[in-house]
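Open the structure in your viewer and get ready to select chains in pairs. We will walk from one interface to the next.

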Protein chains: 4
Amino acid sequence: MKIAFIGLGNMGAPMAVNLLKAGHEVGVFDLVDTAMKQLEAAGAMACASAQSAASGAEVIISMLPAGQHVRRLYLGREDAPGLFDALDGKPLIIDASTISPVDARAVGEAAEAHGLTFLDAPVSGGVGGARAGTLSFIVGGSAEGFEQARPVLESMGKNIFHAGEVGAGQVAKICNNMLLGILMSGTSEALALGVKNGLDPAVLSEIMKQSSGGNWALNVYNPWPGVMEGSAASRDYQGGFLTDLMAKDLGLAWELALDCQATIPMGSQARNLFALHASQGNGGLDFSSIQNLYRGDEGS
Amino acid sequence: MKIAFIGLGNMGAPMAVNLLKAGHEVGVFDLVDTAMKQLEAAGAMACASAQSAASGAEVIISMLPAGQHVRRLYLGREDAPGLFDALDGKPLIIDASTISPVDARAVGEAAEAHGLTFLDAPVSGGVGGARAGTLSFIVGGSAEGFEQARPVLESMGKNIFHAGEVGAGQVAKICNNMLLGILMSGTSEALALGVKNGLDPAVLSEIMKQSSGGNWALNVYNPWPGVMEGSAASRDYQGGFLTDLMAKDLGLAWELALDCQATIPMGSQARNLFALHASQGNGGLDFSSIQNLYRGDEGS
Amino acid sequence: MKIAFIGLGNMGAPMAVNLLKAGHEVGVFDLVDTAMKQLEAAGAMACASAQSAASGAEVIISMLPAGQHVRRLYLGREDAPGLFDALDGKPLIIDASTISPVDARAVGEAAEAHGLTFLDAPVSGGVGGARAGTLSFIVGGSAEGFEQARPVLESMGKNIFHAGEVGAGQVAKICNNMLLGILMSGTSEALALGVKNGLDPAVLSEIMKQSSGGNWALNVYNPWPGVMEGSAASRDYQGGFLTDLMAKDLGLAWELALDCQATIPMGSQARNLFALHASQGNGGLDFSSIQNLYRGDEGS
Amino acid sequence: MKIAFIGLGNMGAPMAVNLLKAGHEVGVFDLVDTAMKQLEAAGAMACASAQSAASGAEVIISMLPAGQHVRRLYLGREDAPGLFDALDGKPLIIDASTISPVDARAVGEAAEAHGLTFLDAPVSGGVGGARAGTLSFIVGGSAEGFEQARPVLESMGKNIFHAGEVGAGQVAKICNNMLLGILMSGTSEALALGVKNGLDPAVLSEIMKQSSGGNWALNVYNPWPGVMEGSAASRDYQGGFLTDLMAKDLGLAWELALDCQATIPMGSQARNLFALHASQGNGGLDFSSIQNLYRGDEGS
């Protein structure tokens with residue numbers, strides 16, 4: 001299949017590589033030259049512009065940093081027309097960026113006005129998942145569009161979810177990541193409380209994991225150093241999913257809650273904890289380092 | 001084995017019945033006559049006092065409402081000596097009540113002074129688990145005591161955890177239930193936020209369950225009506241684990257955090273949410289009815 | 001002085017009337033005809049457009065609902081030029097709307113590019129203050145601009161504060177109103193806790209007012225019914241500053257905190273409490289009705 | 001008047017000195033010899049026991065660290081009778097300690113059973129207020145008892161409040177100090193948010209003080225360094241009312257809320273903020289140093 005891939009950052013580049021591995025013909029575009037070179041070496045066709053990459057493509061995939069970039073790519077601005085005005089065919093449009101549902105819906109409506117099918121398909125799984133081809137895609141858009149996109153997405157990911165109409169992918173991702181922030185801070189809090197009262201963190205982790213406190217963090221991402229081999233906690237919280245990014249995702253939950261006047265006491269609490277932790281110099285550590293906030297003097 | 005069982009309430013009675021079913025000889029005592037009659041019918045020996053039940057027993061199990069009752073039973077008070085002063089042998093002492101770690105340790109120290117082995121062994125699993133013999137026991141006490149108690153506890157439960165020294169069982173249960181309160185309110189919050197933005201609660205539940213938001217509530221206790229067959233949510237939040245009891249357990253977490261000066265922003269938030277929900281007339285509903293708090297007018 | 005006044009809503013209309021009373025010559029514009037008629041009756045000159053009102057004015061004052069309206073008025077959009085492009089002189093620009101600091105700064109920069117002096121001057125004091133001419137103005141902009149504006153603002157208000165550069169007026173108002181939300185919910189919480197423990201709300205109010213708990217709510221806006229004659233609480237929370245508006249102002253604090261990555265645990269808590277209270281059907285009551293949230297069944 | 005004063009700590013000693021200055025005859029008792037010597041030098045009669053000090057006294061005043069000490073003094077324990085059993089007359093009993101309302105009521109009931117009038121009269125104002133004789137007394141007990149105590153209390157304090165029946169003094173103090181914790185953290189949060197957005201902390205303080213954000217902290221205890229001369233903030237948060245003590249007082253609010261199942265989201269938040277701040281090594285700083293928590297890297 002002929003695919004255009006726009007945006008070759010830390011996530012986009014390995015995703016495009018996996019499309020090539022799956023046998024697709026991939027035209028790529030990015031403003032950064034070295035990224036283009038790298039993909040060319042992997043077999044992609046480096047294009048001079050997004051429009052050139054899109055020319056003749058059956059599917060266009062974008063992976064960009066923020067909503068404004070996605071809007072600009074597809075909708076254009078005063079001085080430059082967007083891709084929607086420059087397409088020669090009717091390719092399927094898949095935006096895998098994490099942006100606000102409002103932006104996703106705006107682009108989706110413009111796509112519809114141009115007779116195009118648009119899907120918002122934010123991912124989870126990080127750079128590791130992008131490389132291994134084990135990302136999760138949470139997709140918003142029509143059922144037909146979703147079925148059309150599925151084989152392409154399966155070249156890059158493992159779990160492909162259909163969340164609902166356009167924008168629903170972004171909403172579901174925000175909800176999930178808000179819950180993740182709550183789980184991680186809550187789990188850290190419970191562990192710190194137990195340890196302060198003499199419990200062994202590994203023993204307490206095991207008990208809660210098998211009981212009604214069981215959750216993803218206890219299963220695969222234990223925040224206490226040494227409890228789980230290979231965890232971020234066991235390598236001084238280096239790498240992984242950064243505190244700054246978790247704070248940002250929880251900020252998206254705030255924006256969503258403001259838009260619809262929802263009450264989010266637990267998510268707000270989590271956002272403030274991660275923001276505080278970041279403000280104390282820990283924004284570049286893995287988000288499970290929130291454990292240290294609960295350990296006071298001892299954790300720093 | 002000859003076992004004394006003190007306290008035949010909603011939990012204690014079916015636990016004692018399971019001991020009888022396992023072939024143990026059980027002497028029982030409770031202040032309530034009908035409870036005694038019921039156990040007698042099931043094959044237990046009804047005794048006139050705790051002391052009489054304890055006479056000649058190899059194991060004494062107590063299941064009482066609160067710390068003051070446990071203290072009174074074993075330590076006595078001005079006008080009446082406690083069981084520890086009245087024992088003829090050296091039975092193993094297992095208190096399955098949910099009490100504060102401070103109370104558990106006080107009784108444990110008195111036991112040690114009398115040359116007795118004491119275990120605190122609070123349970124989770126509710127009345128259903130007590131009847132089915134599938135309770136979890138979270139045990140504090142010496143490794144020897146734990147091994148001695150294990151076969152007896154296995155007659156009444158499925159998961160038998162050793163949390164640490166005396167008091168550790170109570171600490172671990174408090175930590176787990178605090179995390180449960182956080183998970184349940186956090187999951188309800190994420191679902192409400194998604195639904196307010198057009199998502200289907202079952203679809204969103206499935207996505208989060210398989211992603212990094214996965215937790216016990218999504219697995220077996222989904223709070224949104226109709227998502228999970230047989231859940232409390234699907235029967236108008238009748239029965240189950242009551243809001244009032246969750247608020248009380250989160251109150252134990254507050255007490256524990258005050259004792260050791262721990263910071264518990266997520267657990268405090270959860271406690272206030274359940275207490276607020278209870279104050280608005282929902283104390284007698286299942287605790288997953290916290291979902292309604294997030295639904296505002298629509299949920300009531 | 002010749003003044004143009006754009007925006008004759010609940011706040012703007014009485015403000016413009018006060019300018020007339022102070023002897024200024026006022027040209028007004030609003031899209032709503034009845035508002036124009038009313039001002040004409042009070043002595044204003046009704047103009048056919050904002051541009052016509054601005055023609056020859058020494059000062060332009062705008063009082064509009066939201067940032068988008070202010071941007072559109074001064075900056076225009078694709079199909080229509082803004083006021084800044086249509087002015088014949090160099091009038092002082094005062095925007096009294098409550099908008100985000102980001103919007104205020106954008107308009108301020110455009111003003112500067114046109115050689116104009118711009119002030120953001122959000123007010124507090126409500127419709128009552130607008131009528132009585134006792135508003136507070138919290139002004140952002142240059143010291144010279146502020147001194148130039150002061151006599152005009154004094155025709156409409158009592159306290160005129162200079163908060164700092166352009167945008168600072170909006171920031172200071174957001175900070176103040178966030179603190180107000182915290183004070184009001186905190187005061188309600190303290191009163192409810194005392195009353196639940198047998199205290200008389202009036203006695204407790206008096207003690208706290210004279211002690212280290214003293215604050216604006218206890219001084220002039222006591223949330224407990226009957227404690228203060230003439231308070232919103234004493235007339236079933238009718239009128240006043242609505243719960244919905246307080247929730248909205250606290251939402252502006254969330255946005256500001258997201259922009260600068262600030263941690264606002266107390267303000268977030270207050271926002272969620274007012275949003276919850278609104279979601280339970282109380283958005284149209286005075287914001288001091290948050291007291292009822294703390295009274296549970298009894299308060300409803 | 002003949003007065004017995006039991007408990008000569010940092011607070012009690014200067015209070016007793018002020019009674020002497022007012023011309024009363026004061027018999028004192030404390031377990032610490034140096035405290036006794038100091039009071040003797042100031043004109044008090046050092047007594048060998050509380051009972052001896054109480055002998056013939058018209059008023060007994062106690063100022064002890066915690067509820068257990070107050071119970072022990074008046075009610076005694078197994079091995080030693082309490083003061084109530086040893087009194088020869090019917091002196092007025094005033095306990096100025098800060099203890100739980102539960103303890104205060106227990107002692108009050110015992111007093112009543114002995115035909116004695118008991119008042120709980122916790123103070124605010126700190127060591128400085130104790131020395132200067134400007135303490136506030138918040139008194140629980142009968143109106144007659146209160147009138148009888150007033151002249152004595154006025155020798156040691158300035159504001160004498162009657163909060164209600166026995167225990168009400170403690171309740172009112174807890175409510176006030178909870179509100180104080182809320183005000184101080186809320187004010188710090190608002191100031192940090194404003195400063196992060198370019199405002200001058202002194203200017204913002206002045207605006208909020210005169211607006212609806214006005215409160216005790218802005219009036220007399222501004223938490224930002226340099227804004228208020230002589231404030232704790234302006235001397236590196238040395239001295240004053242310690243973070244540890246504020247955390248402890250907010251803990252009393254938790255206990256009170258647990259007893260009566262009240263919802264205290266704002267007070268809980270404040271308690272966790274002060275507890276976190278203490279856990280990061282700031283327990284010995286003035287409580288207004290919570291400002292630093294909001295300043296992240298910059299504040300430390």
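Start by selecting chains C and A: across their interface, 8 residue pairs are in polar contact, both residues at pLDDT 80 or more (a pair of N or O atoms within 3.5 Å, one able to donate a hydrogen and the other to accept it; residues adjacent in sequence count only if both atoms are side-chain atoms). This is a predicted model, where local features need pLDDT of at least 70, side-chain atom pairs count only at pLDDT 80 or more, and totals for chains, interfaces and linings use all residues. Residues are numbered from 1 along each chain as written, chains are lettered from A and ligands numbered from 1 in the order written, and side-chain values use heavy atoms, without hydrogens and water.

Next, color helices H11 (243-260) and H12 (265-282) of chain C, the elements that each give two or more residues to the side touching chain A (helices are DSSP runs of H or I, at least four residues, and strands runs of E, at least two, numbered from the N terminus). H12(C) gives the largest share, 6 residues.

Now move to chains B and A. Here 54 residues of chain B are in contact with 53 of chain A (heavy atoms within 4.5 Å). Between these chains, 16 residue pairs are in polar contact, both at pLDDT 80 or more. Which element of chain B gives the largest share of the side that touches chain A? Select H8(B): 19 residues come from there. Strand S11 (157-164) of chain B is also among the contributing elements.
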